[in-house]
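This briefing goes through one protein model by topic. Please keep the sequence and the coordinates open while reading.

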Amino acid sequence: MTSVASPLAPDWLSVPVDANELSPVVWPSSAHRDKHGVLSIGGVLATDLAGQYGTPLYVVDEEHLRSRARDTLAAFSSEFERIGTRAKVYYAGKAFLSTAVARWVSDEGLGVDVCTGGELAVALAAGVDASRIGMHGNNKSIAEIERAVAAGVGTIVIDSEIEIDRVADAAARLGRVQSVRLRVNSGVHAHTHDFLATAHEDQKFGFPLARAEAAVRTIRARPSLAFLGLHCHIGSQIFGADGFAESASRLLAVHSRLLEAGPVSELNLGGGFGIAYTTADDPTPIAELAARIADIVEAECRALDIPLPVVAFEPGRSIVGGAGVTLYSVGTIKDVDVTLPGETSDATAARRYVSVDGGMSDNARPALYGADYSVRIAGRASDADAALVRIAGKHCESGDIVVYADYLPADVAPGDLLAVPATGAYCWALASNYNLVGRPPVVAVADGEATLLIRGETEHDLLARDTGVASTEPGAS
Ligand code: PLP
């Protein structure tokens with residue numbers, strides 16, 4: 001291939017030597033091309049998956065997800081044992097939760113973190129031991145709190161003064177003592193490479209650190225509550241450990257003052273560990289993060305002369321993100337002349353828009369956050385030169401983009417099967433019925449077998465709740 005760079009390509013994107021390559025940075029560990037060039041994940045060909053389940057289709061590599069869960073628990077466990085304490089890891093179900101995923105992470109030794117009654121219902125339906133479920137959220141309804149207490153969830157994260165009473169009253173009514181954490185904002189907010197540290201953060205979650213001691217006094221005064229410790233989550237898609245280190249040291253200063261009036265056995269530092277969405281991303285390996293965070297916790301506790309707490313984490317994206325791949329079919333292709341940035345209207349380059357049969361209803365992240373992804377042709381390999389493409393969805397919205405920029409073989413054509421990696425987190429979870437498009441199915445692949453985890457929505461599902469339709473049963477007249 002003798003491909004040339006497009007002047008429309010972003011700075012971080014270089015022309016690939018081989019536009020068929022599946023970089024292990026963004027693809028699940030089992031992904032490879034078979035001898036005919038067809039993408040295989042978990043031992044199943046993408047063409048077979050598309051043939052059986054249609055497109056768009058979410059594909060989850062079970063072993064990739066399980067091994068991320070295992071490696072994360074092993075990394076935090078060994079680093080915190082090294083400094084003389086323990087770590088707990090909860091999988092943050094908000095990233096993607098189905099009963100199968102809840103069972104897999106439980107099998108691997110993780111707890112499950114939920115933030116609504118719906119997520120709690122899925123975790124319980126999966127048979128997750130309630131004592132290993134944590135529930136957070138800034139506006140849990142009284143019914144959600146009662147259900148969580150009645151089910152025996154291990155911890156509830158209290159987010160406001162009103163919730164102290166709500167959780168305490170629910171536990172008292174049910175004759176239980178409920179273990180609780182107090183959500184605080186440490187003033188550290190992190191995103192990808194940088195973090196921002198302020199004294200007063202303007203956000204809806206939790207208590208400002210300065211109010212934590214008063215809130216814990218109120219909690220301790222309620223006999224139906226048992227205070228476990230502080231809880232904090234500084235943001236998502238974070239690279240590096242500096243934000244966690246700053247947040248941990250701010251929390252431990254308050255934690256040590258809380259110890260003067262009673263036990264504080266745990267500290268929950270939340271989730272937020274970043275993953276690679278494109279080959280330009282370079283997330284910190286989980287073992288390195290675990291070591292850095294354990295070191296800072298040990299140093300701070302020694303400086304404060306306090307016992308080491310059990311330290312809990314709640315990763316979601318870093319467990320499931322890289323395990324997911326979305327398959328799409330190409331519908332239309334067009335080249336659009338675009339004026340080059342900073343140039344007159346005479347200086348143009350063609351941008352190739354490749355439209356697929358999904359879009360912002362199955363992956364809202366590009367439209368919501370400008371998130372970048374990468375793409376490959378899944379159904380074949382090609383010797384054609386690489387051409388810059390933009391993958392667009394089918395929705396009636398100009399911001400409906402799936403992949404802003406990547407290089408594909410220039411012979412990409414209608415009918416081609418495309419695959420977008422790193423779509424395991426916050427894609428199905430954020431999916432919608434925008435433009436009355438049904439949400440796609442989710443299929444797990446492992447050892448050459450595909451298993452349907454969640455069926456796709458049909459037109460019948462889309463009409464089922466519309467009371468103006470007499471009957472939408474298939475075959476009804
Ligand atoms: N815990 C809490 C409280 C969160 O709000 C989130 C996500 O926003 C998570 C855990 C999981 O974050 P991530 O998926 O980035 O690891």
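The notes below cover the domains, their interface, side-chain pairs and backbone details.

The model is predicted. Its protein chain is divided into domain 1, made of 32-61 and 322-464, and domain 2, made of 83-315. In total the structure holds 23 salt bridges and eight aromatic pairs.

**Domain layout**

- Taken over C-alpha atoms, the centres of domain 1 and domain 2 are 34 Å apart.
- Domain 1 brings 16 residues to the contact, and domain 2 brings eleven residues.

**Interface between the domains**

- About 1100 Å² is buried between domain 1 and domain 2, and carbon and sulfur atoms give 70% of that area.
- One residue pair is in polar contact across the interface of domain 1 and domain 2, with both residues at pLDDT 80 or more.
- On the side of domain 1 that touches domain 2, the elements giving two or more residues are strand 22 (442-446) and strand 23 (449-454).
- By class, that side of domain 1 has eleven nonpolar, three polar and two charged residues.

**Aromatic pairs**

- A pair of aromatic rings is described by the distance of the centres and the angle of the planes.
- Among the eight aromatic pairs is that of Phe 244 and Phe 273, with ring centres 5.0 Å apart.
- The planes of Phe 244 and Phe 273 stand at 45°, so the pair is tilted; planes count as stacked under 30 degrees and as edge-to-face over 60.
- Phe 244 belongs to helix 8 (residues 242-259), while Phe 273 sits in the loop between strand 14 (266-268) and helix 9 (286-304).
- The two residues are 29 residues apart, and the pair links distant parts of the chain.

**Salt bridges**

- Side chains of opposite charge can pair when their charged atoms come close.
- One of the 23 salt bridges is formed by Asp 295 and Arg 82, whose closest N and O atoms are 2.9 Å apart.
- Asp 295 lies in helix 9 and Arg 82 in helix 2 (residues 62-82), so this pair ties together parts that are 213 residues apart in sequence.

**Backbone details**

- Thr 55 and Pro 56 are joined by a cis peptide bond, with omega about -5°.
- Pro 56 is in the loop between helix 1 (46-53) and strand 4 (57-61).
- Asn 435, a residue other than glycine, has a positive phi, near 60°.
- Asn 435 is placed in the loop between strand 21 (417-421) and strand 22.

Methods: Residues are numbered from 1 along each chain as its sequence is written. Side-chain values use heavy atoms; hydrogens and water are left out. Domain bounds come from an automatic or database domain assignment. Contact means heavy atoms within 4.5 Å. Buried area is the accessible area (1.4 Å probe) that two parts lose on being put together, summed over both. A polar contact is a pair of N or O atoms within 3.5 Å; within protein, one must be able to donate a hydrogen and the other to accept it, and residues adjacent in sequence count only if both atoms are side-chain atoms. Helices (H or I, at least four residues) and strands (E, at least two) are DSSP runs, numbered from the N terminus. Ala, Val, Leu, Ile, Met, Phe, Trp, Tyr, Cys and Pro count as nonpolar, Asp, Glu, Lys and Arg as charged, and the others, Gly among them, as polar. Rings of Phe, Tyr and Trp (its six-membered ring) pair if their centres lie within 6.5 Å; planes under 30 degrees apart count as stacked, over 60 as edge-to-face and the rest as tilted. A salt bridge is a side-chain nitrogen of Lys or Arg within 4 Å of a carboxyl oxygen of Asp or Glu.
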